[in-house]
Amino acid sequence: MKVRVLLSIVIVMFLCQSCFALTGREIMEKSDALPEPQTAESSAVMNIYKGNRVLEKEFEMLAKKFENDEDKILISFIRPTKIKLLTHSHTGQDDDQWLRLSSGKIKRIAASDKGKAFVNSHFYYEDLGSRNIDEYDYKLLGDGKAVGEDCYKVEAIKKEGTKVYDKLILYVRKSDYFVVRVDFYRKNKFHKYLENFEIKKVEGILTPYSAVMALADGKGKTELKIEKLEYNKKMKDSTFNKEALR
Amino acid sequence: MNRYIDFALKRPILVLCILAIVTLILSPGMMKLEFDNSIDVFMPRNDEEYLYYNKVKEVYGDNGRFIIISVSDKNLWSPGTLRKMDELIRDLEEYKEYDEKKESLRLLKLDSLIAGGSLPYDAFILSFHDDPSFQRLLRRKTEVIFGNVEKLSRWKLKKLKKEISRSNDFKKQELIDEIIAPLTAQDITGKDDVLVIFDLVDVGDDGERILPTTAAEMTAFRKKLERNPAFEMGLYSRDKKTGEITDFGIIIKLENMEDQDPIARELFGIINSHGSLDMVTSGIPIVNIWAIDYMHNDLYVLVPIIMLVVMVIFYFNFRSLRGVILPTATLGLAELWLLGLMGYSGFRITSLALTLPPLIIAVGSSYSIHILNQYYADFTSITEVGKHEGLRRSMSHISLTVLLAGITTFIAFMTLATSQVTAIKEWGIASAIGVMFAVFISSSLIPAALSLLPHTMPRLLLRKDKTLRTTIVDRIIQLMTKGAVLHHRKVIVVLIILMTFSIAGLFRLKVETVFLYYFKENGPVREAIHIIGEKFGGGDNFVIQIDSGEVDGATTPKFLTAIENLREWLLLTENRDLNIGRTDSFSDFIKTMHLAMNNDDLSFYKIPETKTDIIDYLELYAGDDDDGNGRFDEFEPFVDENYQSCNILARLYRKKDFRVGTTEISQIKEKIIDHLTMNLPRDYSFCVTGFPTMEVKLVYYVVKGQLQSLLLSLIVVGIIVMLLFSLLKAGVIALIPMSVAVILNFGIMGWLGINLDMATSIIAAITIGIGVDDTIHFLNNFRHLRTRGLSIDETISGTLAVSGKAILFTSLALILGFSVFTVSNFRPVILFGLLMAMTMIATTIGALLVLPTIIKATNIDLATPEKKSLLYRHLNLGKIFGLDETDSSGE
């Protein structure tokens, strides 16, 4: 399963299948089986609300599915900086990430702290990485409402590896198994939540055009809006090579 | 007053019962007394600089008040030392982030153990073997409450749980902002083109630190620590000669709060419980703990000892049990009433308010001695007219004078209530109330008790022929009388010389409000400050704020270079007189990022050349932002939310061999301001603030404010005396002895190099309190005798024989009593004791020699004029108090 939080807007898709008396695991398997695009090209605007300030960031993103269910994503910031971030997501092992500074210097991010903020937003590096369905234990907590929709509430606890969050509570829309909300718990406290809005079908793929990651204490949030999106466009593999960053 | 005295004499038991009931009601209030040594109680809320300092604290946090620990174990690089340090940090970290689940489980387990009844101590501790931090907390608290115990009864366990819950309350508040230590620090490296954010000590998946144990791991840890130049004198310190790392530094930054004392005490308790680690602890919260403890000790230990000494002197004066018990009871009750009332009404004991109990002892002694002395002076006439009538006449006369003296002192002290400074205002109100308590108690308790006791003269005061013994006090009075009557010209000449000498001394008087110098030079507080200064550059800092004038202006190379230039200048050898031991700023983070982005090449430990680089670094910094205000937590002390202005924290190194007092701090500030005015780019603005500058500001508000109020008090006293006697001359004359005493006092301080500080400046107010008392007693008695047709010489001699004796008794009692203060740990209190003794001598000379000399020399007649001006007719205080023509002393 790829419950990619930030990138769910462009790549996470879930199929709608109705069924009865499902377990938490079964619900997530259905969600994981939703159609995904082979490639995605998008441009997005990120508004970060912190204190009295709103920081606006604009970026373009290219994503492509490779063999063995691995993804490669290139995020190129347009403003306020020209940083580029290339991520190679691997199944069952740590992601590789490279960074290109505005000055052209390239650095590999070997062990970025997964619990740290990504470009000053409320998304953490952990939220950018891929999550395998088997990495978690699931428990159906019951029914619940999120973003005005009837949902299954599923608790997910990571079994091994670095645990940035103690647990996640996923709100899976009953109508189509699309994850519309995620509650993140850290240090035994409700820490933050992600909500997906404007969920549209693009080429048969469920896609949220807007998402908000907000702190539970109300001290800040990051809004993400997709301005432009295209699925399954042809992309060269070399676009995602480290050398292409130069 | 006469009616009241009559009532006290007729219903003595009722009066004593009322006094006892009021005491029972008020004294428990003492338990509610709180000590406060924060700078806020000394600062007027509308002072611009103080408001700015608070604003800076709101934006950047409280960067001036932190706890700093220097760990200097012999085996610094051993796994044992690191383990001990880790244990200390773990214990502290529980107050940084509250783990509700963990704490609830702990309390539940504790409850189940309590339910099981008493337990052997070892077994009790062992039951928490899987929770070492909690075991340490239990050990610490058990030791504090019960000392060494072998068994914990159910009652003890319950008490212990109460204490643990108290600690839990602290933890819930998460009052620690940050713990900066080699074991908790992070760094960033970009060697071999790999950007790695790393912990200096690895952290496992379970969040536990993995401490280095092998030699190779220790070397790796050492290398990580030494790699970043910003860590030196922050996370570690080197021996200046050998270059070896000798100390680790731990900084505990507290959240911005007004009263840090409770949490600072809890943390200091934790630090002290890790005694196996060789540590020195300092920082403003710790210094404040010492100060408050010393104040506590002085109040609860030294004040009773003073009372004991005063009691001994009372005995030597009156040679009778009643001569000891009655004045002592007056003092005791007045203290209990005042401190109790202060406790109930939320007045806090500040270093200024610490002088209140001695003040009450001073004025209370004076009042009760005057009353008792009058009783013995009138002993024969009381015998002649009958006990009740005799006591009524004698007590009415003296109580009236005591009331007048009390009211004048009350008004003089109440003038301080106009002060903008909370501490001075509260001191003024409390001292005024205390004075009135002393007046009321002395004029109720003593007459009531005398009415109940048999009318006898102590045998020890009588000679074999049943006449009064001539004591040393009598001889001194005779000497004074002789001086005033026969040698008044010589006395005036000596007085003029003395005043010239004192005024010259006034110019040498230095004002000092730097708290450090309140402690003894070789005491633990100053030692710790010197060690921390030597190793980590200081325990408190100046805050130099530079404003770029535009949002994000602090992220430009031009701005950051200006910051770096200033930091460099502050630490130049030629600027050693600035006494800056270390600086910290936002630029350190940018330099560290630049170093990392350039393969850790040390030549890149500098400000990048382009703004783009700086913005990139800020995007990538990836720090925590727990309060969600848009700045990473590490940046908070240094940059505002808009990245417009930056703080440079410049630690003040208070050297052992170089005094950095109020004057020096002002000079340092001025030099920094001059440099910035000359060198900072024109489009930037700046401000220099911080704890040291607030200490300097105290000079203005406490000492100067105090002296201004003193002047006002003098004027008020002069006016009251003038209205009481319906004579301008009386007001002027009344001021002379008090002014002489104050000038003499300050002059001697100037010559002896005693600084004017918060405690010593209050002496002036006490001088007035005592001086007014003595003067009014003298003037009232003088006029009383004068109206009986005696000559000036006879009047002076007669007045001195009665009032003079009481004044001298009071002075002797207080001189010896206040000498107890010389054993205090607090320098100002020691000096306060010495100066109080000096003040007693000065006011005594003022009242017994200067006042009669002036009267003799000027031939002033204090008789009420037959034709009064309009002012005196409408404001006839003498008549209101029964002092005017209607005076009914009966003598």
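**Strands 13 and 14, chain B**

I started with strand 13 (580-584) of chain B and strand 14 (residues 645-652) of chain B, which are joined by four bridges and run antiparallel. Strands here are DSSP runs of E of at least two residues, helices are runs of H or I of at least four residues, and both are numbered from the N terminus. Two strands pair if DSSP finds at least two bridges between them. I looked up one bridge: B:R582 has B:R651 as its partner in strand 14 of chain B.

A note on the source: this is a predicted model, in which local features need pLDDT of at least 70 and side-chain atom pairs count only at pLDDT 80 or more, while totals for chains, interfaces and linings use all residues. Residues are numbered from 1 along each chain as its sequence is written, and chains are lettered from A and ligands numbered from 1 in the order in which they are written.

**The sheet around them**

I then traced the sheet. It is open, has four strands in the order 13-14-12-15 (chain B), and pairs antiparallel. Strand 13 and strand 15 (685-690) of chain B stand at the edges with a single partner strand each, so one side of each has no neighbour in the sheet. On average, neighbouring strands of this sheet are turned by 20° against each other, direction ignored. Axes are lines fitted to C-alpha atoms, for helices over the stretch in contact, and angles run from 0 to 180 degrees between N-to-C directions.

What lies across this sheet? I found helix 3 (residues 48-60) of chain B across strand 12 (541-547), strand 14 and strand 15 of chain B. Helix 3 runs at about 95° to strand 15 of chain B.

**Domains of chain B**

I listed the domains next; their bounds come from an automatic or database domain assignment. Chain B has domain 1 (1-32 + 287-448), domain 2 (66-94 + 174-282), domain 3 (98-173), domain 4 (481-510 + 726-864) and domain 5 (532-696). The centres of domain 2 and domain 5 of chain B are 22 Å apart, taken over C-alpha atoms. Their contact takes 19 residues from domain 2 and 17 residues from domain 5 of chain B. Contact means that two C-beta atoms, placed from the backbone, lie within 7 Å. On the domain 2 side, strand 2 (66-71), strand 6 (186-189), strand 7 (194-199), strand 9 (245-254) and strand 10 (279-282) of chain B each supply at least two residues. I sorted that side: eight nonpolar, seven polar and four charged residues. Ala, Val, Leu, Ile, Met, Phe, Trp, Tyr, Cys and Pro count as nonpolar, Asp, Glu, Lys and Arg as charged, and the others, Gly among them, as polar.

**Strand 7 of chain B**

I stayed with strand 7. Strand 6 and strand 7 of chain B pair antiparallel over four bridges, and B:D187 has B:F198 as a bridge partner. The two strands form a hairpin with four residues between them. In the turn, B:D192 has a positive phi of about 55°.

Which strand of chain A pairs with strand 7 of chain B? It is strand 6 (residues 106-109) of chain A, in the parallel sense, over two bridges. A:I109 is bridged to B:L195.

**Where the chains touch**

I counted 27 residues from chain B and 31 residues from chain A in the contact. Helix 5 (100-115), strand 7 and helix 22 (611-620) of chain B each give two or more residues to the chain B side. Helix 22 gives the most, with six residues. The chain B side divides into eight nonpolar, seven polar and twelve charged residues. Just after helix 5 of chain B, B:G117 takes a positive phi of about 90°.

Chain A has two helices and 13 strands. Of its 246 residues, 45% count as buried. Buried means 20 or more other C-beta atoms within 10 Å of a residue's own, exposed means 12 or fewer, and partly exposed is in between, with C-beta atoms placed from the backbone.

Most peptide bonds are trans, and most residues other than glycine have a negative phi. I found a cis bond between A:R79 and A:P80, with omega about 5°. A:P80 sits in the loop between strand 3 (71-79) and strand 4 (84-89) of chain A.

Is A:V119 buried or exposed? A:V119 is buried, because it has 22 C-beta neighbours inside 10 Å. Its phi is positive, near 35°. A:V119 lies in the loop between strand 6 and helix 2 (125-128) of chain A.

B:N599 also has a positive phi, near 55°. I located B:N599 in the loop between helix 21 (587-597) and helix 22 of chain B. It counts as partly exposed, because it has 15 C-beta neighbours inside 10 Å.
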